[in-house]
Amino acid sequence: MKWLLAIGLLAVILLAIGVRFAVSRKPAPVQPIAFSHKIHAGDYHIACEYCHIYARRTSVAGIPSVQRCMGCHKITGATNPEVQKLKSYWERQQPIHWTKVTSVPDYVYFEHWPHIRAAIACQTCHGPVQ
């Protein structure tokens, strides 16, 4: 049983290393709003699961809705030009069409929730996003 756990752990580590290298080699795409994980997760210490609400219960972590963002940005950063862009989506009742930055091959089956429940930090696979 221990060797099975060791093989599983090794597979997770290799997957994390592979994802890390694959993501780090691509230039960041232009997004409709200049979002910064450094500000949100780093400076303000907002937990990943606060915005990525589906990570605990579904196969994907999800992208926060405009409503989730506006929960804070009705008050915070109202004069920031990027927050003004966010507010315009909110007022038009339109979703933000983010450019996809991650992809997993069709043959890969992955779910976030078992890793969240096992208390594996998001940074283990996604790197120091903060």
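## Salt bridges in a predicted model

K85 and E82 sit three residues apart in helix α5, about one turn of the helix. Helices here are DSSP runs (H or I, at least four residues; strands are E, at least two), numbered from the N terminus. The side chains of K85 and E82 also meet in a salt bridge, 3.2 Å from N to O. By salt bridge we mean a side-chain nitrogen of Lys or Arg within 4 Å of a carboxyl oxygen of Asp or Glu.

A word on the basis: this is a predicted model, in which local features need pLDDT of at least 70 and side-chain atom pairs count only at pLDDT 80 or more, while totals for chains, interfaces and linings use all residues. Residues are numbered from 1 along each chain as its sequence is written, and side-chain values use heavy atoms, with hydrogens and water left out.

The pLDDT is the predictor's confidence in each residue, from 0 to 100. Its mean over the protein is 87, and 95% of the residues reach 70 or more.

| Pair | Closest N and O atoms |
|---|---|
| D43 and K38 | 3.3 Å |
| E49 and R56 | 3.2 Å |

How exposed are the partners? Partly exposed lies between buried (under 20% relative accessible area) and exposed (over 50%), with a 1.4 Å probe and protein chains only. D43 is partly exposed at 43%. In the next pair, E49 is partly exposed at 30% and R56 is partly exposed at 41%. Back in helix α5, K85 is partly exposed at 36%, and E82 is partly exposed at 21%.
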